[in-house]
Amino acid sequence: MTCSRQFVFSRRGMRLLNALATPVAITLAITLAITLPDLADAKAPAKAQTKHKPKPAEPKSIEQSIREFRFVADFSPKDPEREISSELFWRYPLEFPKAEFPFEPNFTNLETEMPRTDGEGRAIQHLNNARQEFIDGNFEAARKSLLSAKARYGKGYPFHRRTDYFLAYVFMKEGFAGMADGRVSLDDPKTKGNFSNAATFLSWAFNLKKDVPDPLVDRVTPKGLYNLAAIYFRYDRFAASFAAAELGLDFLRASGRTDYRMSFRRINAENYIKNGTFLEAIQEMDQALRQDYNKAEAAAIMHRAGDIYFNLNNYELAEEAYELGARADESLRQISPAQLMLRAESLFWLKRFREAQMFLHNAIEGISFRKEKNPPSLATASWASLRFADIHLALNDPAKAKLAYFKMEHEFRGSPAAKVAKVRLACLELPYYEGNNINHARSDLEKLRMDPDLPPPAKELAWACHTASFATRERTTQMLDKVRAFAKAHPESRFLKAMAEPVRETQALSIENFFTKDDDYGAVAFFEENRKRLFTKGVPPKIASQLFRSYSDIGKAAKAKEFLSSIISDKTETASLKRLGDLDVLRVATVLAETKDNKRMAKLTVPLTARVWQIERSPAADQLATRIIESNMERTALPWLLPLYEHWATTDESLICDAQLSLLTKAAALSEKAKKSMKLDERITLAIDDYMPDLQDDDPSCAATLLDMEYNLMVRKPELLAKRYLERKEWSVTPETVTHAWSVSENLSQKTPSAPPAAAKELWKFIVAKGDSRSPEVTFARSRLDPNATEFEKIWK
């Protein structure tokens with residue numbers, strides 16, 4: 001039985017667990033079981049306290065401190081963020097660093113680890129020749145000699161297990177030599193192949209052939225299995241790595257040796273960490289510390305325990321482990337830069353900002369030996385640099401914070417961390433901007449808020465700074481809208497408190513609340529109820545314009561007209577219309593039409609006819625246009641209503657029959673001068689070109705009406721109509737189409753009865769080909785094409 005400490009509960013601890021079956025109670029009981037002695041064994045009463053003062057305890061050595069360290073089995077994740085500053089900070093996505101187990105391809109004692117093999121025969125000669133080539137650094141020649149012996153003699157000689165052992169180390173040396181020559185990493189494909197071969201031969205020598213007697217191989221088994229486990233772990237074969245470490249521990253137990261025992265425990269712990277079973281990982285670490293003590297290994301174990309607690313956001317326990325590991329590793333050679341960053345992050349959340357900044361400086365600036373040890377990724381380095389700048393902000397030093405954010409943003413340009421730095425910098429500088437710089441900063445913050453790379457807290461920060469720039473400078477409805485939108489998205493945000501007072505000031509004019517909510521009825525009711533009390537000196541222009549919109553939208557045109565001057569000026573009516581949005585223009589026209597203001601309505605015709613409409617069709621806009629049509633003022637409005645509906649029809653083709661056809665029909669009933677000014681024939685032609693011939697299938701009645709209007713408008717232009725009809729030969733032919741074609745052909749032929757134009761003849765052919773043979777138009781067309789045949793047919797009647 002080993003003296004290693006196990007996580008075993010006493011009877012009293014088990015009773016406590018059974019009595020308090022809750023996660024918190026279980027965690028507490030586990031902690032008590034680990035940290036307190038077994039109370040069941042305390043039989044003797046405590047001795048009476050003596051009066052003399054106890055001697056001051058001698059300071060513990062680092063070894064004693066580590067051996068007596070009590071791991072707390074609290075592996076429930078904690079909240080990642082804490083209230084440490086008035087500023088908004090959040091946990092950055094720092095990578096959980098991967099542990100490193102360096103390969104050991106070198107021999108400390110060549111005569112012990114790779115001695116000359118005694119014996120006779122070609123196989124022994126191959127083995128000894130390969131050994132000499134290995135010593136001379138000719139690894140390729142050593143490999144060829146060993147492979148040749150293996151291929152020729154197989155297991156037919158007593159040292160075939162030793163051959164596998166030698167081959168494994170030859171491949172390892174070749175791998176490192178290739179890395180040095182080519183300046184490549186362990187992930188280089190050729191290098192990876194060498195270590196894969198090394199792992200294969202290590203597995204044969206120390207696992208598959210472990211029952212083959214060979215004193216040399218047995219003697220070096222711990223180192224061989226360590227290299228095997230390290231290679232598997234480095235290349236993410238975690239199950240195989242765990243199995244190799246377990247073989248090593250089994251061998252040590254059987255042989256009574258301790259070589260590499262701490263390393264095997266650490267490898268097992270890392271595999272448990274990969275599997276997310278932190279209790280088992282801590283157990284392995286704890287047992288490694290209790291069984292053996294090696295200062296470097298102990299430091300690495302304590303640092304790794306700190307990583308585990310940090311990963312669970314338990315910053316107190318993480319710092320306790322990091323601190324003890326640092327005492328054993330004063331030069332910080334056993335902690336990687338990535339782990340230094342994690343420790344700094346723990347200290348940051350413990351409000352130990354100066355210490356956190358020191359460790360971040362050490363991690364970022366780096367030392368030569370530390371740069372070679374598990375260097376952090378570029379992403380982790382960027383987040384660490386950002387946290388370094390955050391500490392200046394947490395220490396209430398905005399000047400240094402600005403400089404640090406600026407430097408960090410340019411050093412890691414384009415990274416998510418750099419974008420957060422840009423948000424921080426904008427938030428710090430925006431309150432001091434003036435003029436266009438304000439709009440530029442707001443625009444940057446608005447873009448950053450929508451950036452998918454930005455973490456949610458950073459988006460909240462960008463949005464808050466953007467909104468606060470309005471709250472501190474403006475008392476407008478726009479500000480209220482922005483604050484309201486922000487509050488809706490982040491109802492618990494810490495930034496809302498600073499925005500409360502500006503919002504209260506702006507809402508003093510309560511009527512704006514109704515306007516903001518689009519509550520037109522509420523707004524006009526409030527106004528009419530409080531007009532005499534609140535608006536004795538008149539209605540402010542801004543509120544007057546809002547009241548105009550509310551009254552016009554709810555159909556009270558007479559009351560809306562009172563505030564028309566807040567929208568357009570009598571003297572500069574045309575210029576005012578250009579500045580107005582399309583919806584407001586429709587409101588103005590609706591109010592004038594419903595109040596029968598013919599004079600001003602007529603003045604709108606020219607500027608509105610020339611207007612390029614941009615408004616999309618909406619219920620509000622559609623309702624206003626319908627009210628104009630129903631006001632019996634549509635004749636005045638037709639010149640600009642037609643272009644409006646044509647604009648809407650570009651996205652809704654159903655309008656051609658739902659609304660446009662009605663407007664075109666009304667326009668067709670106007671005078672020739674009015675039709676000409678509206679270019680009615682061109683509009684109908686354009687509608688036919690856009691929607692025909694599909695409209696004949698979708699709505700035959702609508703299509704027929706359009707064709708009738710075309711015929712009636714252009715009946716005096718038979719040549720043009722004939723050309724159009726002949727271009728539409730492939731369209732569906734209706735009786736109305738045949739009738740129109742016949743009428744046009746007659747109009748053409750009457751101009752020169754003795755020699756009908758070619759267009760008339762083509763129309764007759766079209767009628768005969770496409771028309772119903774029983775229709776009179778077909779009969780007449782045939783008679784025009786061949787009078788003699790018609791006379792001949794009469795004989796038989």
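**Charge pairs, rings and a negative patch**

Arg261 counts as buried, at 17% relative accessibility. Buried here means under 20% relative accessible area, exposed means over 50%, and partly exposed is in between, with a 1.4 Å probe and protein chains only. The areas come from the Shrake-Rupley method.

Before I go on, the ground rules. This is a predicted model, where local features need pLDDT of at least 70 and side-chain atom pairs count only at pLDDT 80 or more, while totals for chains, interfaces and linings use all residues. Residues are numbered from 1 along each chain as its sequence is written, and side-chain values use heavy atoms, with hydrogens and water left out.

Back to Arg261. Its side chain meets that of Asp292 in a salt bridge, 2.7 Å from N to O. By salt bridge I mean a side-chain nitrogen of Lys or Arg within 4 Å of a carboxyl oxygen of Asp or Glu. The pair links distant parts of the chain: Arg261 is in helix α12 (residues 261-275), and Asp292 is in the loop between α13 (278-291) and α14 (295-311), 31 residues apart. Helices are DSSP runs of H or I, at least four residues long, numbered from the N terminus. Asp292 is buried too, with a relative accessible area of 14%.

How many salt bridges are there by this rule? The count comes to 42. One of them joins Asp187 and Arg234, at 3.2 Å from N to O. Asp187 sits in the loop between α7 and α8 and Arg234 in helix α10 (residues 221-234), so this pair ties together parts that are 47 residues apart in sequence. Asp187 is partly exposed at 47% relative accessible area, and Arg234 is also partly exposed, at 25%.

Lys561 and Asp597 form another salt bridge, with the closest N and O atoms 2.9 Å apart. Here Lys561 belongs to helix α29 (residues 557-561), while Asp597 lies in the loop between α31 (582-594) and α32 (598-609), 36 residues apart. Lys561 counts as partly exposed, at 28% relative accessibility, whereas Asp597 is buried, with 14%. Salt bridges with shared partners also join Glu319, Arg343, Arg352 and Glu355 into one network.

Next, the rings. The structure holds 33 aromatic pairs. Rings of Phe, Tyr and Trp (its six-membered ring) pair if their centres lie within 6.5 Å; planes under 30 degrees apart count as stacked, over 60 as edge-to-face and the rest as tilted. Tyr165 and Phe166 make a tilted pair, 5.5 Å centre to centre with 45° between the planes. Both of these residues are buried. Phe171 and Phe201 are stacked, at 5.7 Å and 10°. That pair links helix α7 (residues 160-182), which holds Phe171, with helix α8 (residues 189-208), which holds Phe201, 30 residues apart. Phe171 and Phe201 are both buried. Ring pairs also link Phe107, Phe134, Phe139, Tyr165, Phe166, Tyr169 and Phe206 into a cluster.

Last, the surface. Where does negative charge gather in a patch? The residues are Glu653, Asp689, Asp690, Asp694, Asp697, Asp698 and Glu727. Patch residues have over 30% relative accessible area and no salt bridge, and like charges are joined within 9 Å. Helices α37 (680-691) and α38 (694-698) each supply at least two residues of the patch, and α38 gives the most, with three. Asp697 is found in α38, and it is exposed, with a relative accessible area of 61%.

How values were computed: Patch = residues over 30% accessible without salt bridge, like charges linked within 9 Å, V, L, I, M, F, W, Y side chains within 5 Å. Areas by Shrake-Rupley, 256 points an atom, 1.4 Å probe, with all protein chains shown as cover. Lys, Arg positive; Asp, Glu negative; His and termini not counted. Charge placed at Lys NZ, Arg CZ, Asp CG, Glu CD.
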